[in-house]
Amino acid sequence: MKKLIILSLFLNFIFMTNTMAQYVNVRGYTKSNGTYVAPHTRTAPDGIQWNNKSYRGF
């Protein structure tokens, strides 16, 4: 039973770490046309379209 609890905690930690690594914090910045973009979170760039936060499906 103790091994099962430890395994469960370990897998939970791995899942949480993997989920957190998918997002990148972006600092606020000013575009060349003068528009300010507020700080935000986006998905990490990996070249896969369907795992992005803004993907709406097929």
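Leaving aside neighbours within four places in sequence, which residues is Pro39 in contact with? Point 3 takes this up.

1. Basis. This is a predicted model, where local features need pLDDT of at least 70, side-chain atom pairs count only at pLDDT 80 or more, and totals for chains, interfaces and linings use all residues. Residues are numbered from 1 along each chain as its sequence is written, and side-chain values use heavy atoms, with hydrogens and water left out.

2. Layout. The chain has 1 helix and 4 strands. Their order from the N terminus is α-β-β-β-β. Helices (H or I, at least four residues) and strands (E, at least two) are DSSP runs, numbered from the N terminus.

3. Pro39. This residue sits in the loop between β3 (36-37) and β4 (40-43). Beyond its sequence neighbours within four places, Pro39 touches Val26, Arg27 and Gly28; contact means heavy atoms within 4.5 Å. The C-alpha atoms of Pro39 and Gly28 are 4.1 Å apart, across 11 residues of sequence. Pro39 is exposed, because its relative accessible area is 56% (exposed is over 50%, buried under 20%, partly exposed in between; 1.4 Å probe, protein chains only).

4. Nonpolar patch. Met1, Leu4, Ile5, Leu7, Leu9, Phe10 and Leu11 make a nonpolar surface patch of about 790 Å². Phe10 belongs to helix α1 (residues 2-20).

5. Whole chain. Of the 58 residues, 5% count as buried. The accessible surface is about 5,700 Å², and 62% of that belongs to carbon and sulfur atoms. Areas come from the Shrake-Rupley method with a 1.4 Å probe; for residues, only the protein chains shown count as cover.

6. Contact range. Take contacts between residues at least 6 apart in sequence: 3% of them join residues at least 24 apart.

Terms used
Patch = residues over 30% accessible without salt bridge, like charges linked within 9 Å, V, L, I, M, F, W, Y side chains within 5 Å. Salt bridge = Lys/Arg side-chain N within 4 Å of Asp/Glu carboxyl O.
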